[in-house]
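Work through the exercises below with the sequence and the 3D view at hand. Each task is followed by a solution in steps.

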Amino acid sequence: MKSRSTLATWLSSLDGCRLARVLEMRRDATAPPEPRSVGELADRLQRPGAVALALPQLALPHLQVAEALAALPAPASRDALAELLGTADDDTTRELEAVLEALADQALVWPDGGGQLRMAGPLRKAWDAPLGLDTRLEVLLSGATSEELRGMLAKLGIKPPSSKSQRLAALVEHHSDPERILSLVAKAPAAPRKLLEGRAGAGPTRPARFIRFGSPGPDPEPGDRWALERGLLIQDRHRYGPARMPAEVALALRGPGWHAPFQPVPPSPDLAPVTPSEVDHEASAAASAFAAGAASVLSACSAAAPTRLKSGGIGARELARIGKAAHADDAVVRLTLETAYAAGLLARDSDCVAPSEAYDTWVEQEPPEQFAVLLRAWRNLPLTPTQARDEDNKALPALAGAPPCDGCVQARHGLLAAAAWLPAGQGVLVASDLGPLIAWHRPLADSSPIGPPFATAIREAELLGVLARGALSAVGVHLRTGDMERLGIECRRLLPSATSTAHLGADLTAVVTGTPSARLTSLLNTVADRETSDTASVWRFSADSVRRALDAGRTPKAITADLAAVAAGPLPQPLSYLIADTARGYGRVRIAPAACVLHGDEPALLAELAAHRRLAELGLRQLAPTVLISRSPLDTTLAALRAEGYAPVAETDEGTVRVERARPRRAAAPVPAPRGSQARDGGRMAVTSTAKESAASDPSALAVQLLAAPATIPEPAPFDGGAPFATDTEEIVAGWAKRLPYSDVRQLAHAIDAGQAITVEYVATSGNRTVRTLSRLDLDPPYLEAWCHLRGAERVFTLSRIHSVTSVAPE
């Protein structure tokens, strides 16, 4: 409550411009209606959901400052924070002030009336052990008895005071002096000294590390009794697990030269000069190629809707078919399908994915407008569409309906921020060098564990023309700011207008330079086959393609007139001859649908049947004076004619009269018993078997067996009111492996701590379910690194995709 009132007071002191900036930075957290007072705004900003929205958008120095502030006692001064971060020079101090200003703009950290720094409560709880430091000594000893405090002071050589509060104060005062702690540990035996230095992160085999989330794992090394007796480690009675090290002790053992990590300056990749015109030229070429490829991909989907897999999504076979029809590679096909689906141009229709009504409007637009629609969808796409392989190198389907991935969105936004940070007129020499820069701008972004970091997102940006010559293009600039109006203007500037004419050659080809218009593309796709799709597209005419246009209802005159209207010159004579020759032979043989045929020797009788009103439902049609066809099956037609008083006969497939004689019904012959069944033991075997089946199906016997079975009541999980987690590893695994019951969580945590092998049921991103035996387990939330016996190699597994755990039987 005090933090909320302090935040409200700070918000009240802001001017209108600064308050508007806070509202803009946290607009997602401030849902409508707008807050009616500063107090209501402060309440909303203090909610855990508001912090969860802002946290993934923070850059690395912002997270580092927030973690350092969470490690200090609240409220903390700027001087204490600067000392912990080691900001000694003026440049680093200015960077720290800039970071605090940015955190204040998001109402995550703010100054109170006394100049102290306060932070949002949910943000402080984001770290279980900020900087790898546990709780302060005074808090850890809150449940200790007076006698225990006396024993610790006695071991330290301090005369214990009379009261418990005085003893606690004396112990805290002693441990607050780093020199005393260092001197005490230097005199300790080898085993406790090694244990304490390792737990503090100061030993030679365990250097200081930056722990962003979670706490250090349990330490199985011996030698903790000496440290427990002197208060250097505290055993928590309310939590099962290893002894806890007070923050004062850890800081003292890390030494006076240790500082919390603070990297205010992003990494510097190798740069090369590049002019705006060069960036525009390459971005225009990439955007034009993608716009043309996307139009071809969606046109192929419109001609034949791709079929979905039973497990969901469009599989590799359908993706290959679409790519072959559209002359596009797999990355363009996947990127087009995902962005078009997000933009509403595609929709699921039963077992297919078909274009929606919005596609009909989109296909009539010019290429710049079409490209802008797909580009806006890519900006906030909750997945990485061109990621074609999972962590097991198995093919992933497109449009699989995977859960939204906020880390994928942040990776894309981090890419835009990293490219915008580059100096003007400079671009990275190698596009993959942007990976570390993206990780600095968005440390919590999702990067595939396979391949270079963020390589897939960088490749997508290059395909779309957002990134060109290692620099952010004009399209990327407005995509980053979210200015969709300016984005549309830049798309119209970079992408040339659609071409409405084609060069028709005597070799029966049509060549279109640039991006063909929607009308031209539709016409050429109807009467010709597309061969290439690039900066210039080529179609080829053939007898089959012209016949396809005739099948679609076009006449030879209409085809000739339409092609002459779009031709850059006169229609070539070979093309005119091809159209005329194909039309001359078209329709010489006609095929009519029929379920059965009626024929006879009397034309008058067949004409009477064709004109009979009561037989109209049969769909009779006269093809010749003595031949009728019916759309109804043979038996239905036969019964209808007999009902009207006619006497038709049915024919067989060979043309002979079908004999309609009903066969008499006979009972099926009994199945003979197996040989020798009567000879063995006089048939007693069959009687015994029947008796056993009867007893097994007797409800009374089953009830007696169930009542006699021992009761097995599962132990409740800690989050269901059961006993606390046995180890920190259990708590971490339970937090990430949401699909596992508590018993499986305990098995997996024990295997990790004990270094034992384990068998898991794992569901990959593609939906494939496999059973694997894993060993050499290394927990790195939210991942588990292990040796996979199925693949015979190191693999990275996502904890949330583990569905069951079983122990491995010893050999």
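This is a predicted model: local features need pLDDT of at least 70, side-chain atom pairs count only at pLDDT 80 or more; totals for chains, interfaces and linings use all residues.

**Exercise 1.** Decide whether phenylalanine 797 is buried or exposed, and classify its ring pair with tyrosine 762.

Step 1. Phenylalanine 797 has a relative accessibility of 0%. Buried means under 20%, so phenylalanine 797 counts as buried.

Step 2. The ring centres of tyrosine 762 and phenylalanine 797 are 5.1 Å apart, and the planes meet at 85 degrees. Planes over 60 degrees apart count as edge-to-face, so this pair is edge-to-face.

Step 3. Tyrosine 762 belongs to strand β16 (residues 758–763) and phenylalanine 797 to strand β19 (residues 793–798). The two residues are 35 residues apart, and their pair links distant parts of the chain.

**Exercise 2.** Find out how many aromatic pairs there are, and describe the one between phenylalanine 290 and phenylalanine 371.

Step 1. With ring centres within 6.5 Å as the condition, the count is three aromatic pairs.

Step 2. For phenylalanine 290 and phenylalanine 371, the distance is 6.3 Å centre to centre and the angle between the planes is 70 degrees, which is edge-to-face.

Step 3. Helix α16 (residues 276–303) holds phenylalanine 290, and helix α20 (residues 367–379) holds phenylalanine 371, so the pair ties together parts 81 residues apart in sequence.

Step 4. Phenylalanine 290 counts as buried at 3% relative accessibility, and phenylalanine 371 counts as buried at 1%.

**Exercise 3.** Which arginine lies over the face of tryptophan 258, and which over that of tryptophan 378?

Step 1. Over tryptophan 258 lies arginine 254, at 4.5 Å from the ring centre.

Step 2. Over tryptophan 378 lies arginine 412, at 5.2 Å from the ring centre.

**Exercise 4.** Work out the order of the three strands in the open sheet, and state which strands stand at the edges.

Step 1. The order is β13-β15-β14, with antiparallel pairing.

Step 2. β13 (596–599) and β14 (621–624) each have a single partner strand, so they stand at the edges and one side of each lacks a neighbour in the sheet.

Step 3. On average, neighbouring strands of this sheet are turned by 30 degrees against each other, direction ignored.

Step 4. Three bridges join β14 to strand β15 (residues 627–630) in the antiparallel sense. Alanine 624 has valine 627 in β15 as its bridge partner.

Step 5. Helix α30 (residues 603–611) lies across β13, β14 and β15, and runs at about 25 degrees to β15.

Definitions and conventions. Residues are numbered from 1 along each chain as its sequence is written. Side-chain values use heavy atoms; hydrogens and water are left out. Rings of Phe, Tyr and Trp (its six-membered ring) pair if their centres lie within 6.5 Å; planes under 30 degrees apart count as stacked, over 60 as edge-to-face and the rest as tilted. Helices (H or I, at least four residues) and strands (E, at least two) are DSSP runs, numbered from the N terminus. Buried means under 20% relative accessible area, exposed over 50%, partly exposed in between (1.4 Å probe, protein chains only). A charge sits over a ring if NZ of Lys or CZ of Arg is within 6 Å of the ring centre and within 35 degrees of the ring normal. Two strands pair if DSSP finds at least two bridges between them. Axes are lines fitted to C-alpha atoms, for helices over the stretch in contact, and angles run from 0 to 180 degrees between N-to-C directions. Contact means heavy atoms within 4.5 Å.
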